[in-house]
Amino acid sequence: IDPSLKLVEEIKRLKKEKNAVILSHFYVEGALQDIADYVGDSLGLAQAAASTDAEMIVFVGVHFMAETAKIINPDKKVILPDLKASCSLAESAPADKFAEFKAKYPDHKVITYVNATAALKTMSDIVCTSANAKKIVDSFPEDQKLIFAPDKNLGNYINSITGRSMVLWDGACMVHEQYSVEKIIDLMDAHPDAEFIAHPECEKPVLLLAKHIGSTTALLNYVQSSDAKKFIVATESGILHQMTKACPDKVFIPAPSNDSTCACNDCEYMKLNSLQKLYICLKHEQPEVTLPQDVIEKARIPIQRMLEISK
Ligand code: 13P
Ligand code: SF4
């Protein structure tokens, strides 16, 4: 790339020229959130993808999110800055292994957390995100047997607040699994005025400490409505950008991890996105997300069901 190029201006120009919309998740770097037409959690992004009239969707997030946008918009071009932006949860549930697992529970309906491949969604009755998981589970009769995949931590949490005993697939997010309960307690002791808040992908011992649990949007809303001035935040670090923007007078402390040697609160997949890659992606209109027609048709049914219930 020509170093004299003003990337932000060029991206905005290309976006207009190509009638594209930029959708960014809260976990990507701040500059990529600021340039977006819409920034949000997985549910908000799926809803934004469903309602856009742009000709092209540029998804600045991870692959399963772009795939979801493509499934909702099979006739639009969906591109993302780096095709390698995967997700440890999506990778934890290969379609063939999940098919074997599902076959063991023939009388169960399948609720799939959106952090999953399109192939997994084709085997699902309905999709959910962390923002609407309880509502989706509650939409089934109490005696309906359920499988929840792929996040066992979110599944466990929903079981605990609904009194259900859904069968859980054994998957987890590498970012949300690494928090240290001991270090969080020490930090809470050191900052008694801080509220501890967490994403439901965290493990149960971490969630038990939390004053508030929710999706990224729910956590962002919470810090704005709470009277507290300080928060310890157990989710990916990108959300701190929006929290600081929304509440410049409040203090946000990333929750500590078990491993003090790494930037563990960063999702390595989300952080594959960059302004440079976004520019190249918009300019060349690739890499593009493509899916076989039959996968699009089958995966669309459980996604549309979720969107209907979440209106
Ligand atoms: P949200 O839907 O809460 O934004 O979460 C997405 C995600 O990938 C969490 O790790
Ligand atoms: Fe997947 Fe975890 Fe990254 Fe979210 S933070 S995209 S669940 S690996």
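Mentor: Before we start, a helix here is a DSSP run of H or I with at least four residues, numbered from the N terminus. Also keep in mind that this is a predicted model.

Trainee: Got it. So which residue follows α14, and what is its phi?

Mentor: That's E285, and its phi is positive, near 55 degrees.

Trainee: Let's stay with α14. Which of its residues are buried?

Mentor: In α14, which runs over residues 275–284, they're L278, C281 and L282. Look down the helix axis and these buried residues fall within an arc of 95 degrees, so they line one face of α14.

Trainee: Which residues are exposed on the other side of α14?

Mentor: Q276 and H284 are exposed there.

Trainee: And what covers the buried residues of α14?

Mentor: The cover includes helices α1 (7–17) and α2 (30–34), along with strands β1 (20–25), β3 (56–60) and β4 (77–79).

Trainee: Now for a helix pair. How do I read α3 and α4?

Mentor: The general idea is that two packed helices are described by the angle between their axes and the distance between the axes. In this model, the axes of α3 (residues 42–51) and α4 (residues 63–72) come within 9 Å and cross at roughly 30 degrees. Angles under 35 degrees count as roughly parallel, and α3 and α4 are therefore roughly parallel to each other. The crossing of α3 past α4 is right-handed.

Trainee: Which residues make that contact?

Mentor: On α3 you'll find S42, L45, A46, A49 and A50; α4 brings M65, T68, A69 and I72. Sorted by class, the contact has seven nonpolar residues, two polar ones and no charged ones.

Key: Residues are numbered from 1 along each chain as its sequence is written. Chains are lettered from A and ligands numbered from 1 in the order in which they are written. This is a predicted model: local features need pLDDT of at least 70, side-chain atom pairs count only at pLDDT 80 or more; totals for chains, interfaces and linings use all residues. Axes are lines fitted to C-alpha atoms, for helices over the stretch in contact, and angles run from 0 to 180 degrees between N-to-C directions. Helices (H or I, at least four residues) and strands (E, at least two) are DSSP runs, numbered from the N terminus. Angles under 35 degrees count as roughly parallel, over 145 as roughly antiparallel, 65 to 115 as roughly perpendicular and the rest as oblique. A crossing is left-handed if the near helix is turned anticlockwise from the far one by less than a right angle, and right-handed if clockwise. Two residues are in contact if their C-beta atoms, placed from the backbone, lie within 7 Å. Ala, Val, Leu, Ile, Met, Phe, Trp, Tyr, Cys and Pro count as nonpolar, Asp, Glu, Lys and Arg as charged, and the others, Gly among them, as polar. A residue is buried if 20 or more other C-beta atoms lie within 10 Å of its own, exposed if 12 or fewer, and partly exposed in between; C-beta atoms are placed from the backbone. The arc is that of the directions from the helix axis to the C-beta atoms.
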